[in-house]
Amino acid sequence: MTRSRVAGGTAAGLGIAMLYLSLIVLIPLAAVVWRSMDEGPGYFWRSITTPDAWAALTLTIGASALVALINLVMGTIIAWVLVRDRFPGRSVLDTIIDLPFALPTIVAGLVLLALYGPQSPLGINLAYTRAAVVLALMFVTLPFVVRTVQPVLLELDKEMEQAAASLGAGPFQTFRRIILPNLIPAMLSGTALAFTRAIAEFGSTVLISGNLPFKTQVAAVNIFSQIESDNTTGAAAISTALLAVALVALITLDVLQRWGSRRG
Amino acid sequence: MAIEVRDVNKSFGATPVLRDVSIDVAAGSLTALLGPSGGGKSTLLRVIAGLEQPDTGTVLISGVDATRLAPQRRNVGFVFQHYAAFKHLTVFRNVAFGLEIRKRPKAEIRKRVMELLELVHLEKLADRYPSQLSGGQRQRMALARALAVEPQVLLLDEPFGALDAQVRKELRTWLRRLHDEVHVTTVFVTHDQEEAIEVADEIVVLAGGEVVQTGTPGEVYDNPANPFVMRFLGPVTEIGGNLVRPHDIEISQDPVEGGSPAVVSRVVRLGFEVRVEVEIGGHEAWVQVTRDQADRLGIGPGDTVHVRPVPGARSLALAV
């Protein structure tokens, strides 16, 4: 009796979860992929390799990869400082980390334009350059690595470090051999999230990059311009390409995490 | 002396944790730091290991002043209550850690680690990760890891505190035997007087941040420095203003010289041991007798008996 009720409950829960996922994620994504194949695989390939689409895709993926790497290093350092150091204003800083999440991305773009645009009070004008694209992506993806590494660092057993010290390891050896291996799964997971978020970014790059085709136009903006010029199949093709890249990044992450958790 | 601690003081904030603590640990001995929790024993151990800095005082290890030496330069093995296992490394790599840091040749590391794993009976689990081991196995791994670097002294902080009673007793006996084989100067912290008496050569009783008494288990048990130590080391009861061990009291049905009349209130049989609870002039006391003695006496609640400390019993006068 109890068993079948539990099984029934599980089935209902699974059903609801699957239905929800299907409606919100899977069916729309499948529709995009389906749409991209409307004119056959040849057209699909031509759509993503038109000079402007290809330039937008490579810029997006390249800039996102660079930003993900910067986040990997800087995010870990920021998490470290937030967890291990005691200084006035720490809790304020801790709150500020989430600001890029909370801010509408177009506002982020506006802020960056004001600070690093033609009227920059700092005298740094990055407007309409690729550096501006990287800067905008850095801004919106900042929290990912920080917020994945921080809880792991908080939970990390301090006695492991003391044990390493008593066994003769200096601070650097302890960091490399004990702390880092325990942080790497979280660091990679945050990096992959930052990467996938970056390849999809639209709002923050729009203002400061100037959307110059072949130079500063990112993939999401390119898709938007394809739709504006009534080329929905082409837009769907570029979307599908982005989707594939994101999927590869997430699968890689999953494989890495399985490899990590196997070691316990 | 393997370890000499001189006049160590240590406070956490405004709370003094160690006050003028001085102890000597003989080379090759197995010493217990015994005391109630909050007595400062773990802090003292961590000061010896270099994991805490004393505010004043000195620590000498093998005659060398180690007071300001970083933990990694002291060559002490430390075993933590909660194992502090390197959870991303296999049992083998955990034990090899100190040797890898010292850049020993691979073949030598392999040989030494396998020897140690055999010593702690984990040779078959060398490729497991700590999460796949039981608590007792993890602690044995931690011990092998600490021994791998051939430390001058081995320090154990409540090493069996997180284990269940059965495993605790096994590991206790095993630690004693291991020490007899390896002979490394060992100091362990415990709040369990039975553990200290069973395992140690020497007991240092710490309470309120001060050394209350030092001696062999027999000395500390038989000649406690004060009522606190006497109470902490074993069961006590009060007769005629004196603290006496309940097994040092005799009961008879007839009046005896120096005996006090008492009324039996309860007889509790605990297997081999029988606990006779009595009332002496309004005071409650208890006497520990064997089952045979209790059967021979044939007493029950309400009976009047006579009790007195056995000749030669150790007793401490309580200040009234």
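A: What follows goes through the sheet strand by strand, then turns to a loop elsewhere in the chain.

This is a predicted model: local features need pLDDT of at least 70, side-chain atom pairs count only at pLDDT 80 or more, and totals for chains, interfaces and linings use all residues. Residues are numbered from 1 along each chain as its sequence is written, while chains are lettered from A and ligands numbered from 1 in the order in which they are written.

Start with the layout. The open sheet has 5 strands of chain B, in the order E13-E17-E14-E15-E16, with antiparallel pairing. Strands here are DSSP runs of E, at least two residues, and helices are runs of H or I, at least four residues, both numbered from the N terminus. Two strands pair if DSSP finds at least two bridges between them. E13 (249-252) and E16 of chain B are the edge strands; each has a single partner strand, so one side of each is left without a neighbour in the sheet. On average, neighbouring strands are turned by 45 degrees against each other, direction ignored. Those angles use axes that are lines fitted to C-alpha atoms (for helices over the stretch in contact); angles run from 0 to 180 degrees between N-to-C directions.

Now the hairpins. E14 (residues 260-270) and E15 (residues 273-280) of chain B pair in the antiparallel sense over 7 bridges. Across this pairing, B:Val267 faces B:Val276 in E15(B). The hairpin has 2 residues between the strands, and B:Gly271 takes a positive phi near 65 degrees.

E15(B) continues the pattern. It runs antiparallel to E16 (residues 283-290) of chain B, joined by 8 bridges. B:Val278 has B:Ala285 as its bridge partner in E16(B). B:Glu279 stands opposite B:Glu284 in E16(B). Again 2 residues lie between the strands of the hairpin, and B:Gly281 in the turn has a positive phi of about 50 degrees.

B:Tyr83, a residue other than glycine, has a positive phi near 70 degrees. B:Tyr83 sits in the loop between strand E6 (76-79) and helix H2 (91-101) of chain B. B:Ala84 lies in the loop between E6 and H2 of chain B, with a positive phi near 50 degrees. B:Tyr83 is buried, with 26 other C-beta atoms within 10 Å. B:Ala84 counts as buried because it has 24 C-beta neighbours inside 10 Å. The cut-offs are 20 or more other C-beta atoms within 10 Å for buried, 12 or fewer for exposed, and partly exposed in between, with C-beta atoms placed from the backbone.
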